[in-house]
Amino acid sequence: MVTPPTAEELDKVMNTIGVTSNTELNKQDKLMLRHMAAYSWATFDDTMRAVDGVPVSLKFKDKDQQPIKLSPYRLAPVKIECFKKQ
């Protein structure tokens, strides 16, 4: 159960996330962000909660298989040969 935030706690969060000192936000924007922080208070309070979700893991067909550790943006062998000729 999430307890609602106090005004002091909301003020502290608004200062921490940079809403209070942001000169580009008008009063209405700051109030909207304050309401959003109060609505999603579970993300800002200090209580650790269990995550209700499906665990994610990598499964390989071969138990000894390792992930490929190559850069995904490497050049194809044909392009490498083309660059060598130039």
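**Entry 1: the model.** I am working from a predicted model.

**Entry 2: helix α1.** I looked up which residues of α1 are buried. They are L10, V13 and M14. Viewed down the axis of α1, these buried residues fall within an arc of 100°, so they line one face of the helix. I then turned to the face pointing away from that buried side. There I found the exposed residues E8, K12, N15 and T16. I also asked what covers the buried residues of α1. The cover includes α2. Just past the end of α1, I noted G18, which has a positive phi of about 85°.

**Entry 3: the core.** Next I looked up the largest nonpolar core. It has six residues: L10, V13, M14, V19, A37 and W41. Helix α1, residues 7-16, supplies the largest share of this core, with three residues. Leaving out residues up to four places away in sequence, L10 touches P5, R34, A37, A38 and W41. A37 and W41 are themselves members of the core.

**Entry 4: the surface patch.** Last, I checked the surface for nonpolar side chains. L75, I80 and F83 make a nonpolar patch of about 280 Å². I placed L75 in the loop between α2 (27-39) and α3 (77-85).

Notes
Residues are numbered from 1 along each chain as its sequence is written. This is a predicted model: local features need pLDDT of at least 70, side-chain atom pairs count only at pLDDT 80 or more; totals for chains, interfaces and linings use all residues. Side-chain values use heavy atoms; hydrogens and water are left out. Patches are made of residues with over 30% relative accessible area and no salt bridge: like charges are joined within 9 Å, nonpolar side chains (Val, Leu, Ile, Met, Phe, Trp, Tyr) within 5 Å. Accessible areas come from the Shrake-Rupley method with a 1.4 Å probe; for residues, only the protein chains shown count as cover. A salt bridge is a side-chain nitrogen of Lys or Arg within 4 Å of a carboxyl oxygen of Asp or Glu. Helices (H or I, at least four residues) and strands (E, at least two) are DSSP runs, numbered from the N terminus. A nonpolar core is a set of buried Ala, Val, Leu, Ile, Met, Phe, Trp, Tyr and Cys residues joined through side-chain atoms within 4.5 Å. Buried means under 20% relative accessible area, exposed over 50%, partly exposed in between (1.4 Å probe, protein chains only). Contact means heavy atoms within 4.5 Å. The arc is that of the directions from the helix axis to the C-beta atoms.
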